[in-house]
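Subject: Handover of a structural model

Dear colleague,

Please find below the model that I am passing on to you. My notes on it come after the sequence and coordinates.

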Amino acid sequence: MPPALVGKVAHRLATRARWRLLEYAFWLAALASFFLLPNRHLILTEIAWLALFALSLDLILGYAGIISLGHAAFFGLGSYLAALLAKHGIVNEPVLALVLSGLCAAVLGFATSFLVLRGSDLTRLMVTLGVALIMREIANQIPDITGGADGLQGVVIAPILGLFQFDIFGHVAYAYCLIVLFILFLLARRVVYSPFGLSLRAVKGNPLRAASIGISVNARLVTIYTFAAFYAGIAGALLAQTTAFASLDVFSFERSADLLLVLIIGGTGYLYGGLIGAVIFKLMQDWIANLTPQYWQFWIGLVLVLIVLIGRDRIALRTGGVRLLAERITRRFAPAAAPVAVPPGEGS
Amino acid sequence: MPVVLETVALEKHFGGIAAVAGVSLSIEKGARHALIGPNGAGKTTVINLLTGVLRPTAGRILLEGEDITSLDAYKRVQRGLARTFQINQLFLDLTPLETVGLAISERLGSGAQWWRLVGSNPHVVEEIVEILGRFHLTDVMHERTGNLPYGKQRLLEIALAIACRPRVLLLDEPAAGVPEDERHEILATVAALPADVTVLLIEHDMDIVFSFADRISVLVNGALFVDGPPAEVARDPRVKAVYLGESLDA
Ligand SMILES: Nc1ncnc2c1ncn2[C@@H]1O[C@H](COP(=O)(O)OP(=O)(O)OP(=O)(O)O)[C@@H](O)[C@H]1O
Ligand SMILES: [Mg+2]
């Protein structure tokens with residue numbers, strides 16, 4: 001076997017994960033926004049945790065083909081936990097509380113992952129939606145702990161690492177959210193470019209064949225679902241810590257639905273979709289709400305229709321070069337068949 | 001020769017129809033075993049049962065003496081049972097390089113690693129290059145599988161099963177749909193498999209069957225009709241009547 005070829009292939013595989021110029025540009029812009037837009041830090045903070053939340057959904061939707069309409073279940077749990085940990089002084093240090101909240105959300109993700117292993121996209125939508133509704137109802141039924149419909153009042157967040165106190169302008173909050181987002185993005189990027197990440201794309205593309213080359217389809221789906229729930233929990237905890245508040249709407253259906261919208265705007269399966277989508281979504285929301293507060297829903301609906309209509313011809317930058325986003329958009333809502341199905345066309 | 005793969009009174013019903021009706025089949029180690037029969041005889045269904053894609057209605061499956069009847073499909077692969085599909089089942093969005101790499105990493109147990117980058121294991125890369133070369137896929141290894149011509153996709157379908165380094169390989173009409181002049185490439189790769197690899201081949205082309213097989217099983221209406229060495233099967237008047245008539249007389 002030609003050793004030169006082996007070297008070339010190894011090199012080629014290594015460059016799959018190489019940082020592209022646009023990626024550097026994206027993160028430099030994010031960093032610059034901190035210094036150049038000091039009076040926009042409040043909305044930028046919201047963008048940062050929303051981006052993390054959307055990244056979480058992208059991990060399961062864009063890479064594993066699991067569609068969810070109830071991702072707020074994990075977000076909400078992370079939110080309440082972070083608020084409760086701070087309010088009762090159980091864990092005062094925000095970073096530690098953040099990680100704990102994420103881990104608890106991951107446990108919930110693991111426990112409910114078995115519900116999304118099988119079934120069509122429609123059943124997955126219903127099941128995930130159901131889980132989020134149940135979580136919301138539980139929170140509603142235990143007002144002694146959660147504050148019920150009034151939300152959890154009187155939360156005081158201690159300084160980060162005992163050093164940085166949150167301020168009303170959102171300076172510390174934005175820096176905090178941006179750093180957490182960046183670290184978790186790096187981790188997600190690592191995972192996506194690993195053999196595990198590649199196997200997820202195989203499971204998404206053809207679960208039948210994936211099983212036929214020895215991949216444990218269910219184990220991979222459980223793992224990524226749990227991992228994504230951790231991310232969503234962290235995102236929710238960031239919201240609670242930066243606002244010192246948690247209320248029932250962290251579990252709301254609209255939150256999960258908006259999240260899908262963010263990904264539709266940004267695109268799935270290349271990690272930046274959720275991030276770019278979050279920026280556009282929040283800015284659009286902000287802008288339209290200033291113009292015509294009552295018509296926000298109408299405009300967002302219109303944008304959704306337009307995206308689906310023109311989306312077919314959009315071009316996305318993706319690792320390895322420019323590829324048509326069209327494939328992704330058309331397949332976005334039909335990500336994968338049931339894990340093990342009878343081969344189509346076989347035996348007729 | 002010891003039996004590696006065995007079915008005991010295997011049954012599969014779809015609704016009212018028995019697609020597989022009481023098949024007891026023994027495949028010996030290192031065999032070149034052909035499974036033939038008319039369209040709809042149940043050949044693919046037998047493969048689906050053997051590999052765990054379908055669960056049998058009744059009966060048992062033994063791999064190297066162990067009962068694997070209720071074992072998950074992926075675990076059977078890990079035990080050395082691999083297959084190809086009659087209709088290509090590939091990862092259309094991945095490249096042949098990634099596809100073959102997946103199968104190899106999986107076999108070496110590194111498929112679930114999330115902290116290493118793909119391609120950081122030199123053994124995997126060497127083996128990818130070797131297999132892609134063997135299946136004439138080197139020049140297209142960076143292309144999207146979905147964009148490859150059918151013949152190349154068919155080669156990848158088989159390469160992928162080989163990358164699992166099976167002890168028992170089940171081939172469901174590997175040359176189906178491949179133009180005459182490209183068939184020999186596929187058949188040559190099958191012929192070049194190590195002698196200790198057991199191969200079960202489903203094929204309609206009798207020239208291929210008789211040049212390949214040292215044992216032939218004939219399936220008709222889901223039941224094993226005749227089972228024996230090629231010469232014996234060729235002579236069997238019932239086989240001629242039911243299935244082989246024209247092809248053998250020709
Ligand atoms: N998933 C399924 N659901 C219902 N019926 C099925 C299914 N798979 C196969 N069958 C039926 O079982 C019978 C056997 O089909 P099978 O595909 O095993 O035949 P085959 O011998 O492989 O045929 P061919 O040579 O055409 O590939 C056929 O009547 C087919 O219609
Ligand atoms: Mg068939």
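The notes below cover conventions, the metal site, salt bridges, surface patches and some individual residues.

**Conventions**

This is a predicted model, in which local features need pLDDT of at least 70 and side-chain atom pairs count only at pLDDT 80 or more, while totals for chains, interfaces and linings use all residues. Residues are numbered from 1 along each chain as its sequence is written, chains are lettered from A and ligands numbered from 1 in the order in which they are written, and side-chain values use heavy atoms, with hydrogens and water left out.

Helices (H or I, at least four residues) and strands (E, at least two) are DSSP runs, numbered from the N terminus. Buried stands for under 20% relative accessible area, exposed for over 50%, and partly exposed for what lies in between (1.4 Å probe, protein chains only). Accessible areas come from the Shrake-Rupley method with a 1.4 Å probe, and for residues only the protein chains shown count as cover.

Helix α1 (residues 43-51) of chain B is largely enclosed by the rest of the structure, because nine of its nine residues are buried. Among them are K43(B), T44(B), V46(B) and L50(B). Just after this helix, G52(B) takes a positive phi of about 90°.

The magnesium ion (ligand 2) has T44(B) (OG1) and Q86(B) (OE1) as its protein donors, at 1.9 to 2.1 Å. These two residues link distant parts of the chain: T44(B) belongs to helix α1 of chain B, and Q86(B), 42 residues apart from it, to the loop between β7 (81-83) and α3 (96-107) of chain B. Donors are N, O and S atoms within 2.8 Å of the metal (3.2 Å for Na, K and Ca); water is not among the atoms, so sites may look incomplete. T44(B) is buried at a relative accessible area of 9%, whereas Q86(B) is partly exposed at 23%.

**Salt bridges**

Over all chains, the structure holds 18 salt bridges (a side-chain nitrogen of Lys or Arg within 4 Å of a carboxyl oxygen of Asp or Glu). The following are in chain B.

- E64(B) pairs with R167(B), with the closest N and O atoms 3.1 Å apart. E64(B) lies in the loop between β5 (58-63) and β6 (66-67) of chain B and R167(B) in the loop between α5 (150-163) and β8 (168-172) of chain B, so this bridge ties together parts that are 103 residues apart in sequence. E64(B) is partly exposed at 40% relative accessibility, and R167(B) is partly exposed with a relative accessible area of 40%.
- E130(B) pairs with R134(B), with the closest N and O atoms 3.0 Å apart. The two are separated by about one helical turn, because they are four residues apart in helix α4 (residues 122-134) of chain B.
- D236(B) pairs with R238(B), with the closest N and O atoms 3.2 Å apart. D236(B) is buried at 13% relative accessibility, while R238(B) is partly exposed at 46%.
- R107(B), E127(B) and R165(B) are linked in a network of salt bridges.

**Surface patches**

Patches are made of residues with over 30% relative accessible area and no salt bridge; like charges are joined within 9 Å, and nonpolar side chains (Val, Leu, Ile, Met, Phe, Trp, Tyr) within 5 Å. Lys and Arg count as positive and Asp and Glu as negative, with His and the chain ends not counted. A charge is placed at NZ of Lys, CZ of Arg, CG of Asp or CD of Glu.

On chain B, a patch of negative charge gathers E180(B), D181(B), E182(B) and D207(B). Helix α6 (residues 180-191) of chain B gives the most to this patch, with three residues. D207(B) is found in helix α7 (residues 206-212) of chain B and is exposed at 63% relative accessibility.

On chain A, L28(A), L31(A), F35(A), L36(A) and L37(A) make a nonpolar surface patch of about 550 Å². F35(A), from helix α2 (residues 21-36) of chain A, is exposed at 58% relative accessibility.

**Individual residues of chain A**

L161(A), which is not a glycine, has a positive phi near 55°. L161(A) sits in the loop between α7 (143-146) and α8 (171-192) of chain A and is exposed, with a relative accessible area of 54%. A244(A), also not a glycine, has a positive phi of about 55°. The loop between α11 and α12 of chain A holds A244(A), which is partly exposed at 27% relative accessibility.

With kind regards
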